[in-house]
Structures are given as C-alpha cells and as structure tokens.
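Subject: Structure handover

Hello,

Here is the structure we discussed, followed by notes on what was found in it.

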Amino acid sequence: MSMNSVGRPTRPEAAAHKGSVSLTGGRGLLQDEPLLFELDGWRKTGVDLPAVDFDASDLGDLVRAEPTGLPGLSEPEAVRHYVRLSQKNHAIDLALYPLGSCTMKHNPRLNEKMARLAGFADLHPLQPATTTQGALELMDRLAHWLKTLTGMPAVALSPKAGAHGELCGLLAIKAAHEAAGHGDRRRVLVPSSAHGTNPATAAFVGYSVQEIAQTADGRVDLADLGAKLGSDVAAIMVTNPNTCGLFERDIIEIARLTHEAGAYFYCDGANFNAIVGRVRPGDLGVDAMHINLHKTFSTPHGGGGPGAGPVVLSAALAPFAPAPWVTHGQGGLTLTEEAVGEAAQAFGRLCAFHGQMGMYVRAYTYMRSHGADGLRQVAEDAVLNANYIKARLSEVMTPAFPDGPCMHEALFDDAWLEGTGVTTLDFAKAMIDEGFHPMTMYFPLVVHGAMLIEPTETESKRELDRFCAALLALAQAAKAGEAERFKAAPVLAPLRRLDETLAARKPRLRWRPDDTAVAPAPWAAE
Amino acid sequence: MRYLPLTPEDRAEMLAVIGAPDVDALFRDVPQAARSKDLFELPLHAGELEVERELAGLAARNRPAGAGPFFCGAGAYRHHVPASVDHIIQRSEFLTSYTPYQPEIAQGTLQVLFEFQTQIAALTGLEVANASMYDGSTACAEAVMMAQRVTRREKAVLSGGLHPHYAATTQTIAHAEGMEIVRLAAAVDAEAAVIDAIDGETACVVVQTPNVFGVATDVSKIAEAAHAAGALLIVVTTEAVSYGLLKSPGVMGADIAVAEGQSIGNALNFGGPYVGLFAAREKLVRQMPGRLCGETVDAQGRRGFVLTLSTREQHIRREKATSNICTNSGLCALAFTIHLSLLGDAGLRQLAEINHARARELNAALQTVPGVEILTPRYFNELAIRVPGSATAVVEAALADGVVAGVPFARLDPAAGMEDVLLLAATETTTSDDIAALTRTLLGNLGR
C-alpha cells in the first residue's frame, strides 16, 4: 500500500501565514547546510576500527604532536550533509546542460558499473603484469579504437586531462624538432578563437605564441597563416571543429601549408564529438590531437574532473610518445615503462603509473555500446540538435555566423540584446530561473557577448523544444523591456548572484575556527 | 540505440525546420576527401548484456588486490573505503555536473571544495590548499614550477628518496618549462645528501616523507638549509594516511606540501584517477596552480562559495597563466573529503596507528626470514628489504604461492642498480594471515 499519496490537506490559516516565509527561515525541502566544521563533530567518527596495541616508540619525535583539528561525523550525519549539499547542484541528469565546448552529455550508468568491477578498481598499478593481463588488454583495445576512429597510427594514453594532452602533444613535437636538429623553432601559431589552454600550454613548453587572424566567416585566415608560417615555427594549434562550432573548410590546406613550412599540426580535439565515426583527423593531415574522454566518450565530468586526455600521434611523432605504453610480448602483454632501449626517443613521463584507468574502462564501455554505427549516429545527432537549436533561436537571437550549418554547437552574439539593457551574463543567469544551466558565455573571445550552446546528441526533441521555448520566452521578455528580471536573476536558485570581487579581494580559502561561533574547536594554533 | 533519444520522425521534422535535405548537408564543410561513406572497421553497437560480458571477461583476467595476500605500495595503497563514500559520489548532482563556474547552482560542489581545502590545510599544517590536482606526481611538478615563479631561480634539487615516477614526471614537465633538474642518486637514506646539493641558485628542494623506501624523516634541518639559501622546501607524501600519525610538513618547515590523496576515499584503479593534494604558505597563494574555492556572500548577504583568484588561470591569462592546468580531480576530491569527514581527527589517527601496527607486525615477521635484510629504520606503513638475488624473481616465486609480495624497486628505477630491493606495504586491510602467508613463501623460496 502506498504511503499518504494524497497528503494532509493544508489548513487555510497555515497556508496564508506570512506569505512564503517559513517560521524557521527554512525553504521547504531545500535545506540550508552548514560547513562540515560547524556540525559539532569534534569527538565523533563514522568509521569503526579495531583497537590495536599501539606502539610508536620506533618513531620517536616523528609523531605528530598537534591534532589535525578535523571533525568527524557518524554515517547518517555524513550522508545527510553531503546529500543536502548535492541538492544545491545542477546536473546533466536534471536538464539539458548547454555548455558549449564542454559537451555535457548523458553518462551511461553501465560505464560506472564496469569501472567498479574488482578486476579493474581493485588493481594496483605496480602488481606483476601477469596478474593484470585483462587490464592491459583493455588499454590495448581502447588504443585500437582511438587509432581507428582517428586514422592515426599511435596513441599516448597517459595524459590525465585535455590540457595535459596538449602538453603531451607539444612535448612530442618539441622532441621531434630537436631530434631533427631543429630545436631553434620557437614560435607556435594559435588562432584567436582558441581555448585558453592552447596558448598557456605553448608558453609553458617555452614557445612564443602568435595569434592567427580569423576570417569574417569564423575560420582560420589562410593568408594570415601563410604570412606567419616560417622556418622558426614549431607548430600550429588549431581546434577542429573550431570553438565557433564551425568546421575548418580549408583544414587540408592548413595542414599542407604547415607541413611545407616544416612545422607540425596540433589539433585540439575537444570537439571531436562532432565528427566521431564520420571523419578521421588522420585524413586531414593532423600530427597530434588529444581526445577528451570526458567529452566525446562520455566519462562523467564529476563537478570538475577527473578527466582523461589521450593523444593520437602521426608516424612522425610516434617515436617520441611518453612512457608507458602496452607492448605485445611473448608471454603476453607488458608495459614499457622506461625511455630506454627501443623506447629511447620517448620524451619522458607525464605522470606516475599509467594514466586514468578508471576513465579508460568507462570510455571503452561507451565505445563498445555504441559501436562504429552508433558513434557515427552520435556525431550526426549532435550536429542535428545544434542546427535545430540554431534554426529555432535565430527567430529572435542573432547567430554569430548565420550562413551555413554549424557543427555540434550554435554560437550567438549579443547584437540582438542591444538597447535592452540586458547583457549576455544577465540573460544566462535568467536561464537558471527557467531550470537550465547557462550556456558558455563570452567564449570564444572573437565574438561579442558570445553565447555558445551545445545540446549534445543525448537530448530528446521534447527537451530541445522545452529549452528553445524557455530561451525564446526570455528573449521576448528582454526585448519587451523587462531588464529588471534579468538584473535580479537568478532568484529561484539556492543563492542569488555571488560577489566574486569580494572573494578575490579578501581571499578566504578555508574555514578557520574563529569564523563561526558554533563550536570551540581544538584547532591547531597558527 | 539506447543512449540516443531522437526517432527517425524527429530527425525528419528537425531537418525540415533547419531547411536541410538530409544530415549530410550539415557536414558540407568537411572536405570531400575526408568524408567517409562507410563505417570504420570496428564492431557494431552492442546491448548492455553483451558489453558487460566482454568487460567482465577482461576483469576476470586480473588478480584484484583483495583476492589474497597483497603487499604492493610504492605510491598507491589498498585501503578500505566506507560504502557510503562511493554511494554519495554517484549522486547525479555530483557525478554529472560540470566545473562550478555558475556558483548559484553549484554550491554543493563548491562547499565540498571549501571543506576539502580546509581539510588539506589542516593535514599538511599549511595555511592554504587548492581544490586538487590530477595526482601526486603532477602536483609535484607543479610545485617545482611554482618555486621557480616565487624565487625566480631555475634549479630544483630532487631527493633520491623521491618516488622515481614523480622525479621523472617533474623532470619531463619542469625541464620543458626551462628548469634545471638535479636528481640525486636513489638511496634509502637519501635525505642525508640533500643539504649538500643546495646552493644559491636553488629554487627548491623536493623531499619525500615517508620516502619511496618507506623511511619517515624529520626534514626540519633540510628546511633550515633551504631557507638559509633562499630556496623553498617542497615536501611530498604519497601515503596520505601517514598525516594522521606523523609530523605535518608545515610543522617541519615546508613551504609547499604536495601529496597523493588516493589512500583516502579512492580505489587503486590500476593507477588512476587519483587526486593530487597541494598546500602552501599563505603568502605564496597568488603563485599557486590550479583551482581555488573561496568564501563570499550573495546579493542578499548569505554565505556562499565561488572559484576565485582565477586571474592566475589559463582561461583568463592564456599564455601568461601560472599553469596550463584546467581541470582538477573533483570527484576524487569529493571521495577524499567524505571519507575524511567520516574518519575525523580520532578516526584518522586510529587508522594511521593500525597501519603502523600492521607494518610493525610485517617487520617482525620479515626478521624471521634468513637472508632478508630490512633497510628501513623508521617507517609508517612501508618497508624496503634486501633479498638475496633479484627482487623480481622473489615476487614471481611468491606469486606461485598466491602472494603478491610487493614492488621490486628496479621496476620504478631500473638504472639505480638496486635489483635486490623489494618494497612492501601493510595497511589496515592486511591481516596476520596475509603476513604469515608471505613469511611462508619467502622462507620456502629463499631457503632453496
């Protein structure tokens, strides 16, 4: 029998009481939740451990004298604390999450289940290879899929995120130039629309960064590229499809010019999800490209990582790939972990152990589920959904590049907001009140007041229509002079707009005992 | 396909709204030469059951750490993680949200990061911590480059007790950025040689405790020497549970502490994903890499949290950023914070004491094996031993008896000439029976 599904009738006098303000300051099911350090857990623990006969005499004065000052919670308190906090987050499981360039698609739960199999999760990176043949086999199969899908002969699996992959690609390029006696190439060319990680990575590796101009239709300016290429250019870094959501039509010519100048073509593969299964970057002349497994292959974003950024490499760069990699030996699979012998040209090591195995399992599970046919459909539906949104919203909003189709994301500028008193930021914050996460704002930098919308292929037409209806309603409101609605937004989120200037001016980066009058903590004196 | 909601009718309707004849028309900007008409040579889509069968088959060909006596450590440790941790991190709102760039609808993630930063500061005995790094090794490399920014010097001295993978990672990344990396020879008591390597050009000294051989050291003297030369001390820890028992890096004079946080809340995962911990003295905060979460107020004066000081980061500063790092290890940091909030001060201390007690038991048992020499004088939960002949051969022989006996040091650093050194760790998951099984196999194999 179901529990009280009708609910107790509300007493009229209670419903009328003080409008919507509760007696305790509570807001219905949305619980305010103090910090962990304000829950009075100074003498508690939520873990039952066996008593041991403890003797630290061998450690002498190495033993910590001061307590850590950390509170503990019983399991029910801890579960409630973190579940309450979770409810203050928006998530792809709640609604379309249109963050352009971030690819917020559904995360299949089978991937989570597979990653938690003891044969993968409870495996130590340094146990003998004979006891990890299945794990090495999975890495090998993942590598095969990535190479086949990109048409590239080699892949370095270990980079832990997209930016780490960029570092991997540029270090391989640098090593290749040095091996060829061209260590004097110092410049890297990057389009003005690039992700910030591109110039940051190039500078990090010691290159000077020069911008390539963009044409009026949002692509790399070939003439400008030709003029800037020269014998001191080490590489170009081009995102394709680019951050305006457009395919670089002249990509093969870009690669040709780059190679002619003796430089390498690094492709930022953040947007590979738009072409997976349909177009192989190897056919475009790419020398190195990272693949964000958390974008194209749907490993969860987890509130900011962990990611994974394997890098596919051309034959010219393959010998310089970092250790480790899986090797087929006589007694089965092994790992080549050191840059010696046949691996002597490897540029080094990018992290301890072998990279993000947990992400490899998820990504491989996703690939196997979709197969060659499903992945092709992924790209097609992602592009179809974006073009549908572009077509529907162009009714009121101004697309940055109206001519021709977009790829997996639709880019709008803020021309249509002119004179309304509403900015891109205001508009985005008002989306929160309508139940959607804002789109990517003010990126790419080349478009004024940019609004970059990426729906992904895992949205139904119904959800797309709901999203378009919400944005069109907001757009009408903006045009109708309701600027106040936008300036105040969001009003229905757990918090109103936050003072980011205050946070940066007086950084408070941790709780301190004197911050709260709740509990006198035995905190270590500073 | 179960993950794709559009029906053929939906697609036709949408194409009509777009005004395109077919989907191919949307790909018209792709050069003809690169348009593949055929599917690539890979298997076609598969149902859950089929995929699960293949993956379970692969998993079954591995020997999980929990399947029997197991003594591997060397930077990754098998600990028990409470069931509630993995349950909470699979909440949709944590698992399937993005980086908290829209703070009004990401207070859950942000408050967790603020709690995480507070916990890391407390464990390391330093004032500020960031919202996590990829892992301990990359955090180490980032710390070295941060020291370069702070001191404007180019040389980093790495102790021979630093995990060889950390040293190699730092060498690769920091060297690429133009630094000179001085890597001292691997030795069980490597810390003794560090002070002599410091000079007026040194930006930082990197010392690990407990070191890769398990040796726990008071690094206060090294801190004094580094500071006297105008250099920073970076203290690395690969076993975060040791913070519960051993003196904190901050108390010993560290300017930056980095660690691998896997031990708390996170599974072994064959090496990743893990979570890098990064803490420093407050005056260095503007040179820190990675994301930082800070407290502020909303438009109605209510407390809230945001990502802050982002003018250090690549998406604002581009080529002038302190680091190219973009992501952190959010979900692993969440697991860390939940596990640590269950432990609390008392639980962490007790967990650390149990780890130490198990290692003492292991130490006592190994002393009964003729031919085994224990090299680690003061340890937390890990020992280095010298065996007759090759440590790799010892591990292989033990495997035949169902025991994973540890990590041969030569696997981490083949050039060090330490083929006879074996690293063994014991944690709260190690039982007396496990230790007895190890002792039996060593007695049997070394006696022959």
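How many residues does the contact take from chain B and from chain A? The contact takes 165 residues from chain B and 171 from chain A, where two residues are in contact if their C-beta atoms, placed from the backbone, lie within 7 Å.

This is a predicted model, in which local features need pLDDT of at least 70 and side-chain atom pairs count only at pLDDT 80 or more, while totals for chains, interfaces and linings use all residues. Residues are numbered from 1 along each chain as its sequence is written, and chains are lettered from A and ligands numbered from 1 in the order in which they are written.

Chain B overall. Its secondary structure comes to 14 helices and 13 strands; these are DSSP runs, numbered from the N terminus, with helices being H or I of at least four residues and strands E of at least two. The C-alpha trace of chain B spans about 80 × 55 × 50 Å along its principal axes. Among contacts in chain B with a separation of 6 or more, 72% join residues 24 or more positions apart.

Domains of chain B. The assignment gives domain 1 (68-80 + 345-447) and domain 2 (83-339); the bounds come from an automatic or database domain assignment. Their centres, taken over C-alpha atoms, are 27 Å apart. The contact between them takes 28 residues from domain 1 and 23 residues from domain 2. On the domain 1 side, helix α11 of chain B gives the most, with seven residues.

Helix α6 (residues 107-124) of chain B packs against α11(B) at an angle of about 65°, with the axes 9 Å apart. Axes are lines fitted to C-alpha atoms, for helices over the stretch in contact, and angles run from 0 to 180 degrees between N-to-C directions. Residues of α6(B) in this contact include Val112(B), Leu113(B) and Phe116(B), and those of α11(B) include Ala333(B), Leu334(B) and Phe336(B). The residues of this contact divide into seven nonpolar, four polar and one charged (Ala, Val, Leu, Ile, Met, Phe, Trp, Tyr, Cys and Pro count as nonpolar, Asp, Glu, Lys and Arg as charged, and the others, Gly among them, as polar).

Regards
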